[in-house]
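Student: I would like to learn how to read a predicted protein model with some care. Could we go through one together?

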Amino acid sequence: SAMALRPLRRLWRAARLPGPHGWRSLARSRWKGPFYDLELYVQAEEAHDEMRELRRQGKPVVQKNPIRTNSRASTILPEFVGLMFEVHNGKDFKKVTVTEDMVGHKMGEFSLTRKRAIHPVKVIDPTAKPGR
């Protein structure tokens, strides 16, 4: 299976761009390539194969089930574009549809772990007397 990943790494290196401070800002070693869960990659390939088969048969191309993952640290690869994932946020799975702009980011960036605080809005009663 390691031999099958070599072309992927070559493809990924050609698509990479430097960060805002050049290559120094990237934390992971360049020769290692991006981190991704191998099982996630295999499931994405299976989903693409399934969609290719639907396209060949002339049926509407729709991904039946989103790919569920707990791997928030996995980098989004170009092969994931157009697929639906369900990324765990610690409590439940949030649905994420991958677009081209997401390539290179981490899965966890798109499944927020904290709930946004919604504060109540104070309503002013127009019939109330001033000073009370």
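Student: What is the mean pLDDT of the protein?

Tutor: This is a predicted model, in which local features need pLDDT of at least 70 and side-chain atom pairs count only at pLDDT 80 or more, while totals for chains, interfaces and linings use all residues. Residues are numbered from 1 along each chain as its sequence is written, and side-chain values use heavy atoms, with hydrogens and water left out. The predictor's confidence in each residue is its pLDDT, from 0 to 100; here the mean is 82, and 78% of the residues reach 70 or more.

Student: Where does pLDDT stay under 50?

Tutor: Where pLDDT is low, the predicted coordinates should not be read in detail. That applies to residues 9-15, where pLDDT stays under 50 and the model has 13 contacts beyond four places in sequence, a contact being heavy atoms within 4.5 Å.

Student: Which pattern does the protein follow along the sequence?

Tutor: Helices (H or I, at least four residues) and strands (E, at least two) are DSSP runs, numbered from the N terminus. The protein has 2 helices and 4 strands, and read along the sequence they give α-β-α-β-β-β.

Student: How many bridges join S3 to strand S4, and do they run parallel or antiparallel?

Tutor: Two strands pair if DSSP finds at least two bridges between them. Strand S3 (residues 84-88) is joined by 5 bridges to strand S4 (residues 93-97), and these two run antiparallel, with Met-84 standing opposite Thr-97 in S4. The hairpin of S3 and S4 has 4 residues between the strands, and in this hairpin Gly-90 takes a positive phi near 110°. S3 also pairs with strand S2 (residues 67-69), in this case parallel and through 3 bridges, and Phe-85 in S3 is the bridge partner of Ile-67.

Student: How many residues of strand S3 are buried?

Tutor: Buried means under 20% relative accessible area, exposed over 50%, and partly exposed in between (1.4 Å probe, protein chains only). By that rule 4 of the 5 residues of S3 are buried, and of the 132 residues of the protein, 27% count as buried.

Student: Why does Thr-69 count as buried, and why is Val-61 called partly exposed?

Tutor: Thr-69, found in strand S2, counts as buried because its relative accessibility is 5%. Not counting residues up to four places away in sequence, Thr-69 touches Leu-40, Glu-86, Val-87, His-88 and Phe-93. Val-61, placed in the loop between H2 and S2, is partly exposed because its relative accessible area is 32%. Leaving aside neighbours within four places in sequence, Val-61 is in contact with Met-51 and Arg-55.

Student: Which residues line the second largest pocket?

Tutor: Rolling a probe the size of a water molecule over the atoms shows where empty space is left. On a 1 Å grid over the protein atoms alone, a pocket is an open set of points where a 1.4 Å probe fits, with protein on both sides within 12 Å along at least five of seven lines, and lining residues have an atom within 4 Å of a point. The second largest pocket is lined by Gln-43, Glu-46, Ala-47, Glu-50, Met-51, Val-62, Gln-63, Lys-64, Asn-65 and Ile-67. Helix H2 (residues 38-57) gives the largest share of that lining, 5 residues.
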